[in-house]
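Visitor: I am new to this structure, and I would like to learn how to read its features one at a time. Could you show it to me first, and then let me ask as we go along?

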Amino acid sequence: MTIYYLKTPVREEEVRRLRVGDIIYVSGVVVTARDAAHRRMIDYVKEGKTLPVDLKDGVIYHCGPVVSKKGGGWEVISAGPTTSARLELYEPTVIEEVGVRIVVGKGGMGPKTAEACSKYGAAYVTFTGGAGVLAANAIRKVIGVEWLDLGIPEALWVFETENFGPLIVTIDGTGRNYIEEVVERAKAVKSKMPTKFTQSTFP
Amino acid sequence: METIRRAVISIPPDIKEAIRKAYLEEDGEVAKAQLKAILDNIELAEKLQRPMCQDTGTIIFYVRVGHSFPAIHVTEEALIKAVRRATQDVPLRPNSVNPFTSANTGDNTGRYIPFIHWEVIAGEELEFTVVPKGGGSEYPAVLKMVPPGKGVDAIKEVVLDAVLQAGAMPCPPTIVGVGVGGGADIAMVLAKKAASLRKVGTRNEDPVLARLEEELHKLVNYLGIGVMGMGGRTTALAVHVEYAHRHPANYPVAVVFQCWATRRATATVKPDASYTITQ
């Protein structure tokens with residue numbers, strides 16, 4: 001297990017170095033995107049339109065924050081990760097077409113994302129689910145917000161972060177998928193369990 | 001409003017204790033780091049008075065209203081207004097979305113939302129528990145109508161499969177709520193109450209079900225999914241089972257997950273409108 005401190009934009013060779021179980025901290029620009037934002041990004045790519053935020057060598061964060069208006073800007077109150085599995089539908093395309101290097105979320109992603117990570121040099125890393133205040137603490141300021149018409153949770157929030165982490169490398173550039181490995185092991189454990197309740201438990 | 005605020009900011013003492021215990025028992029490096037982050041987050045939320053998790057959930061009320069509580073006719077309206085105010089003031093994330101247009105109402109209210117479960121009891125007081133239920137832990141919920149002949153063995157199968165299917169999605173360590181019998185809707189409501197309302201450390205008062213809870217808890221943790229799916233000793237802080245009598249032809253088994261960030265607070269309101277909040 002190695003600890004890395006990365007700054008955005010992140011270069012491909014920096015990502016290729018990461019291995020599952022490593023811990024990273026990210027400083028620089030982190031952009032939130034959930035389901036609706038991913039869908040729209042893919043529409044933009046298809047139509048050849050330029051995204052409102054440059055995500056080449058960038059960091060995407062599966063997060064719908066709690067924010068409040070403060071003065072002329074925004075303050076982030078709580079900003080933990082959302083369940084990444086829903087984004088499995090879109091993430092491989094976003095990694096390929098948009099050139100995202102690091103995807104931050106929670107709960108794990110599937111084989112298509114793992115394949116895209118190894119093919120294009122990206123990593124999926126996880127932040128502790130539910131730890132919204134801890135995450136907000138690493139956000140220095142809100143640089144901007146795009147696509148607010150999608151609603152507060154679904155908009156693209158552009159954050160400036162300082163040592164955002166610890167983020168655990170869950171899918172690395174070799175295509176290893178840490179959470180999937182844990183769940184596969186658990187399935188093997190279950191298959192060896194007796195299917196009947198023991199006599200002592202249910203007389 | 002204050003009850004909602006308390007629920008989203010301060011974790012109930014039974015949950016905090018259970019997480020601390022899991023932290024002390026854990027020996028895996030990654031899992032321990034995750035539990036440390038959770039405990040740090042709980043402290044920080046308390047200190048800064050901010051919602052512990054950005055997903056402040058769908059607001060569910062479990063109301064027990066005394067038959068002669070004087071404000072019974074305005075209770076529903078008051079609860080809905082409280083949700084609107086809490087969304088502004090705490091603040092909460094607006095989580096109420098039309099399933100067909102995807103339009104967000106912006107204030108956490110909408111058709112049937114907040115959902116209010118009503119129970120009428122004797123007396124003149126109102127007691128309600130608010131449960132802001134996160135979306136990530138709701139996502140892997142399961143209802144299976146199993147063949148009645150399989151009986152109790154099927155419960156084990158359904159629960160373990162649900163936990164495997166859920167993997168890291170519901171933010172483990174979770175509380176696994178299991179509802180058995182009644183009918184499709186009844187099993188689901190019981191499972192959710194078991195997950196979100198019942199305190200960790202309590203056992204079903206029926207000794208057979210208490211043993212079932214213990215056995216399921218051991219089996220779930222034996223799977224080794226661990227905190228946030230990173231492997232380790234604790235996948236669930238508890239397994240709670242509730243039941244209703246069933247139709248001879250049906251054997252509903254429902255499983256609902258409660259993430260570690262269990263948000264719940266209870267208010268008791270006296271006829272003179274004075275109130276106390278407990279967790």
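This is a predicted model: local features need pLDDT of at least 70, side-chain atom pairs count only at pLDDT 80 or more; totals for chains, interfaces and linings use all residues.

Visitor: Which residues make the contact of α6(A) with α6(B)?

Guide: On the side of α6(A) they are Val183(A), Ala186(A), Lys187(A) and Lys190(A), while α6(B) brings Glu157(B), Leu160(B), Asp161(B) and Leu164(B). Sorted by class, the contact of α6(A) with α6(B) holds 4 nonpolar residues, no polar ones and 4 charged ones.

Visitor: With which residue does Lys190(A) form a salt bridge?

Guide: The general idea is that side chains of opposite charge can pair when their charged atoms come close. Here Lys190(A) forms a salt bridge with Glu157(B), and the closest N and O atoms of the pair are 2.8 Å apart. Lys190(A) lies in helix α6 (residues 178-191) of chain A and Glu157(B) in helix α6 (residues 152-166) of chain B, so the pair joins two chains.

Visitor: How many salt bridges are there between chain B and chain A, and what is the count over all chains?

Guide: Between chain B and chain A the count is 3 salt bridges, and over all chains it comes to 37.

Visitor: What is the area buried between chain B and chain A?

Guide: The buried area is about 4200 Å², and carbon and sulfur atoms give 66% of it. Arg50(B), Gln54(B) and Met230(B) supply 16% of the area that chain B buries against chain A, which is more than any other three residues supply. Counted by residues, the contact takes 49 from chain B and 50 from chain A.

Visitor: Turning to helices within one chain, at what angle do α2 and α3 of chain B pack?

Guide: Helix α2 (residues 13-25) and helix α3 (residues 29-48) of chain B pack at an angle of about 150°, with their axes 9 Å apart. By the cut-off of 145 degrees, α2(B) and α3(B) are therefore roughly antiparallel to each other, and the crossing in which α2(B) passes α3(B) is left-handed. In this contact Lys16(B), Ile19(B), Arg20(B), Ala22(B), Tyr23(B) and Leu24(B) of α2(B) meet residues of α3(B) that include Leu35(B), Ile38(B), Leu39(B) and Ile42(B). The residues of the contact of α2(B) with α3(B) divide into 8 nonpolar, no polar and 5 charged.

Visitor: How are α2(A) and α3(A) set to each other, parallel or oblique?

Guide: Helix α2 (residues 35-47) and helix α3 (residues 91-98) of chain A pack at an angle of about 45°, with their axes 10 Å apart, and α2(A) and α3(A) are therefore oblique to each other. The crossing of α2(A) and α3(A) is left-handed. From α2(A), His38(A), Met41(A), Ile42(A) and Val45(A) meet Glu91(A), Thr93(A), Val94(A), Glu97(A) and Val98(A) in α3(A). By class, the contact of α2(A) with α3(A) has 5 nonpolar, 2 polar and 2 charged residues.

Visitor: Let us finish with the backbone: which residues does a cis peptide bond join in chain A?

Guide: In general, most residues other than glycine have a negative phi, and most peptide bonds are trans. A cis peptide bond joins Thr8(A) and Pro9(A), with omega about -5°, and Pro9(A) is found in the loop between β1 (3-7) and α1 (12-16) of chain A. In chain B, the peptide bond from Pro172(B) to Pro173(B) is cis, with omega near 10°, and Pro173(B) is found in the loop between α6 and β5 (174-180).

Visitor: And what is the phi of Tyr112(B)?

Guide: Phi of Tyr112(B) is near 65°, a positive value in a residue other than glycine. Tyr112(B) lies in the loop between α4 (75-89) and β2 (115-121) of chain B.

Note on methods
Residues are numbered from 1 along each chain as its sequence is written. Chains are lettered from A and ligands numbered from 1 in the order in which they are written. Side-chain values use heavy atoms; hydrogens and water are left out. Axes are lines fitted to C-alpha atoms, for helices over the stretch in contact, and angles run from 0 to 180 degrees between N-to-C directions. Helices (H or I, at least four residues) and strands (E, at least two) are DSSP runs, numbered from the N terminus. Angles under 35 degrees count as roughly parallel, over 145 as roughly antiparallel, 65 to 115 as roughly perpendicular and the rest as oblique. A crossing is left-handed if the near helix is turned anticlockwise from the far one by less than a right angle, and right-handed if clockwise. Contact means heavy atoms within 4.5 Å. Ala, Val, Leu, Ile, Met, Phe, Trp, Tyr, Cys and Pro count as nonpolar, Asp, Glu, Lys and Arg as charged, and the others, Gly among them, as polar. Buried area is the accessible area (1.4 Å probe) that two parts lose on being put together, summed over both. A salt bridge is a side-chain nitrogen of Lys or Arg within 4 Å of a carboxyl oxygen of Asp or Glu.
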